[in-house]
Amino acid sequence: MRQSKTERQIMIENEVSTYCKNFRTKKAKITLKQIHETTGVNIKTLSGFENGRSSNLFMINHYILAYDFDKDIQLDFIKGMNKVLGRP
């Protein structure tokens, strides 16, 4: 039997998806199509994640891979994600 999500879990999922979208558009300045081309993840799946219609946190890994073109951007993404997740 599947347990319902807590308010905290929902809040974290929303913060993660918002962070991914904002980082992609404002810092990395790449499109969903570019992430798709790098990772093979469907654009609709990526969009759904960024807009809160999917809560698959494994998607974070795809964003890390997509930023491999610039190690500084990749590292900034990881550091920011750690903050979102409440890690040092």
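**Exercise 1.** Is Asn-56 buried, partly exposed or exposed?

*Solution.* The structure is a predicted model, in which local features need pLDDT of at least 70, side-chain atom pairs count only at pLDDT 80 or more, and totals for chains, interfaces and linings use all residues. Residues are numbered from 1 along each chain as its sequence is written, and side-chain values use heavy atoms, with hydrogens and water left out.

Step 1. Locate the residue: Asn-56 sits in the loop between H3 and H4. Helices here are DSSP runs (H or I, at least four residues), numbered from the N terminus.

Step 2. Apply the cut-offs: buried means under 20% relative accessible area, exposed over 50%, and partly exposed in between (1.4 Å probe, protein chains only). The relative accessible area of Asn-56 is 39%, so Asn-56 is partly exposed.

Step 3. Asn-56 and Thr-45 are separated by 11 residues in sequence and by 9.9 Å in space, C-alpha to C-alpha.

**Exercise 2.** Classify Ser-17 and Lys-29 as buried or exposed.

*Solution.* Step 1. Ser-17 belongs to helix H1, and its relative accessible area is 3%, so Ser-17 is buried.

Step 1. Leaving aside neighbours within four places in sequence, Ser-17 is in contact (heavy atoms within 4.5 Å) with Phe-49, Glu-50 and Gly-52.

Step 2. Lys-29 lies in the loop between H1 and H2. Its relative accessibility is 63%, so Lys-29 is exposed. Phi of Lys-29 is near 55°, a positive value in a residue other than glycine.

**Exercise 3.** Describe the largest nonpolar core.

*Solution.* Step 1. A nonpolar core is a set of buried Ala, Val, Leu, Ile, Met, Phe, Trp, Tyr and Cys residues joined through side-chain atoms within 4.5 Å. The largest one has 21 residues, and Val-16, Tyr-63, Tyr-67, Phe-77 and Met-81 have the most contacts inside it.

Step 1. Two or more residues come from each of H1 (7–28), H2 (32–39), H3 (43–50), H4 (59–66) and H5 (71–84). H1 gives the most, with six residues.

Step 2. Beyond neighbours within four places in sequence, the contacts of Val-16 include Phe-49, Ile-60 and Met-81.

**Exercise 4.** How do H4 and H5 pack?

*Solution.* Step 1. The angle is about 155° and the axes are 8 Å apart. Axes are lines fitted to C-alpha atoms, for helices over the stretch in contact, and angles run from 0 to 180 degrees between N-to-C directions.

Step 1. Angles over 145 degrees count as roughly antiparallel, under 35 as roughly parallel, 65 to 115 as roughly perpendicular and the rest as oblique. H4 and H5 are therefore roughly antiparallel.

Step 2. Ile-60, Tyr-63, Ile-64 and Leu-65 of H4 meet Gln-74, Phe-77, Ile-78 and Met-81 of H5.
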